[in-house]
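Here are my notes on the model, as numbered points. Please read them with the structure open.

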Amino acid sequence: MAAVLSVAEVSKSFGAVQALNKVTFEANRGECIAILGENGAGKTSLASVLMGLYQPDQGQVALDGTPCELTNPSVALDNGIGMIHQHFSLVENMTALENIQIGLPAAKRTQRALRDVHGICSDFGFDVDFSAKVEDMPVGMKQRVEIIKALYRNVSILILDEPTSVLAPTEVQPFLDEIRVMVAKGLTVLLITHKLEEIVQAADRVLIMRHGRIEGDLVVSETETHQMSSLMMGSGDTGADLSQKVLKEPGRSISNETALALSSVSVVTENGVRLLDDINLEISKGEILGVAGIDGNGQRELSEAICGILEITEGVIVLDGTDITSQTISERIETGIGFVPEDRHAEGLVLSLSVAENTAIRTIQDPKFKNGGFVNRRAITSYADDLVAEYDIRPGDPSLPASALSGGNQQKVVLGREIETASRLLVVVQPTKGLDVGATRFVQQKILEASRRGVAVLYISTELEHVLEVSDRVAVIAFGRISGVVDPTTTSSQEIGMLMTASKGE
Amino acid sequence: MSASQIQVRVLLSIVIALCLGGVLIVIDGHNPLAAYAALLNESFLDYWGLSNTLVKASPMLLAGLAVILPLRAGVFNIGGEGQIYMGGLFGAVVALNIPDTPGVLGLIAIFGAAAVGGGLWAAFPAYLRAYKGTNEVIVTLLMNFVAIHIVSYAVSGPLMAEGAPYPYSEEIADQFKLPILMPRSDAHLGILIGVLAAVLLYFWIRSTPSGFRLDLVGRNARAATYAGVNAKRNIMMSMIVGGALAGLAGAIEVAGLKYRLFHLFSDGYGYDGIVVAFLAALNPIVAPVAAFFLAGLSAGAGTMQRSIGVEGSVVEAIEGIIVICVAAALVVRKPTADSGWLKRLLPQRNKNAGGV
């Protein structure tokens, strides 16, 4: 019997980036295949090819042995491939039933159709109130509605993109059980995830992706979890090898005076999801603490909690002996916290203002930018001139609007502004995003310089190599928790990989 | 786009709109050049016409500023009309009830009260917008009608002048009447109040830290928040100050022109303010010019009708065309080789020809 889905030598590249490199695998009826990989490993690209969103450059997708051209998502759906995205595509103020039937011809929206929907539910053991509006449902229920919507369209291959990331902890187990039920009924499920625990519980096979390639196609029951994580992270290098280009001077001394201390910091959403879960961290003056982890594990929340943008539910944040937990954002800026947010366009810059004005947006109250209570534009311009020269921001004209700069140069504006103004603490998130190798080095040097001035640095990045290169210690964040703190000179990628995917209670 | 580029564009768009309006005048069976000449002559060059233009320009200018300031903080105040009415009401109540004081003190009290009235009327939708996320356009718009009816009630009830044939209040004392700027005409000091307000707003936004922060909120509220700016408070402040400015316009109508509170005393000046704001491309220092121009056009409607015979509705249509052209000028981007239709027309460079 031919496999339900066979993917043969599929490659896809975007410019110089090889997103998928000769990906080959088969999936059978009644099988759950997990797809595991770091950010940018190619998981989402693979799903997009199967959904008809991307056309592969090379290779072929066959369904039930017949080659198929999946030219767009509706073709994919007609061929029985459905996908549940992390962000649901439900109409909030319509009922579950209306959502399930949305977009179908009126003929299908009959009493019989209602019976069909009920049939699906009893087959799969779903318990859904179809007359309830989606907006009133908990997240797990919404997800169930999405799945029923796909099943109602006779999907035989269901792709789930990080399905548990939106669920409350108590909703995860029932959801994994539902996957097993679907699989038992003959459905093929592709589960994109980076949680090893879920793979063990729900999947039959696991495809491990790295740099667009399938690095391993393993039977879950015969595989140890550390095997999976080391395949995901690549060769079993030690940290010393990874960070051989370490930029820190040997034997650099770090004060033993604590600058930033987080104790039992948690952020809990209304639905009970713990975005940050009991975080305890300390950074000394002049120390660089790296935070490694897979994207979306609480990095953004951690940075925003420290800088005052996100209110914390529990815990205390202390900077240089002062409790800053209830300080406003601007009070924290005045205290000397610099912050390079993840999204420079939306959060770091005002694109319609000039580069010069952008260098002053966080510190317009600073006496150096004022002249008897008024904004001193000349002072701002001359400050910006210095910053532009120092950070080699191009084109070197601070009167240009920030929108006229390339992404990398915009990033340098934000970095320069924050590195130069941070006097006690610098929080940087993905600082090297969009920078070339030379600029990355330069930024890392600047961050090191700041640490030499005694500034404590929290260096959050998903680029593990960069984290290891600059950090004195590396904390690994997984599912909103700090799963471990390691020494970058002695750790191995295997160790970090385990910590990144570590489940709770370890 | 730099500020000067914007102004050039707005000027060009007005020229285009007047050309299109000329077509309408031709269709109406008249000579557009003669019509525009009459307009120019009678609205701007003639002594009486100019005074009439200035009388209209004062409330339009303040109402325009009442739109500009909140919009610089990212919120759209459509409630200028209601704020004018509340300003007029508060101002009139004070003018009719304060004891015999010197004119200057009295005027300060009247205008202060008017600012409070307009500001209060704006504070409610501002609070809903900033703290509850309610759409300010709808709330401010609907509150206009409430304010208009409150004034109608006041002047046909508690404030109604004895023996008045229709709803208006008693006349205010002579010393509280705004001084006349152009002798023997109606043109009063109101225009100077408006120009002063425009200049102050300009310097506030441009040269003070608080104005800089308010402007940040309008340009990118998220980045402003990350920069430590309290976006909600700035939204509140911009709306309240905007409402206060519109309130001043109400007091100008009462103390400068009509000397009484009439029902329906403002003929849509609050809405004219929206047009002024866009004509000025949200720059307060340009608002006086924009208000002067719009007031001239509006005053000239009658002129064109009387001297040339152009329909009044044609003049209104021309005003509408101006608004559309100016709005288009502010959003349409100059086509470059990387965008829009030009890209499709130009031969594509081979992407693989090297470089990134």
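1. In which sense do strand E9 (residues 205-210) of chain A and E10(A) pair, and over how many bridges? They pair in the antiparallel sense, over 6 bridges. Across this pairing, Arg210(A) stands opposite Arg213(A) in E10(A). Strands here are DSSP runs of E of at least two residues, helices are runs of H or I of at least four, and both are numbered from the N terminus. Two strands pair if DSSP finds at least two bridges between them.

2. This is a predicted model, where local features need pLDDT of at least 70, side-chain atom pairs count only at pLDDT 80 or more, and totals for chains, interfaces and linings use all residues. Residues are numbered from 1 along each chain as its sequence is written, chains are lettered from A and ligands numbered from 1 in written order, and side-chain values use heavy atoms, without hydrogens and water.

3. The open sheet has 6 strands, in the order E6-E7-E8-E3-E9-E10 (chain A), with mixed pairing. Strand E6 (81-84) and strand E10 (213-219) of chain A are at the edges with a single partner strand each, so one side of each lacks a neighbour in the sheet. Neighbouring strands are turned by 20° against each other on average, direction ignored (axes are lines fitted to C-alpha atoms, for helices over the stretch in contact; angles run from 0 to 180 degrees between N-to-C directions).

4. Strand E14 (residues 314-319) of chain A runs antiparallel to strand E11 (residues 258-268) of chain A, joined by 5 bridges. Ser266(A) has Glu314(A) as its bridge partner in E14(A). E14(A) and E15(A) form a hairpin with 2 residues between them.
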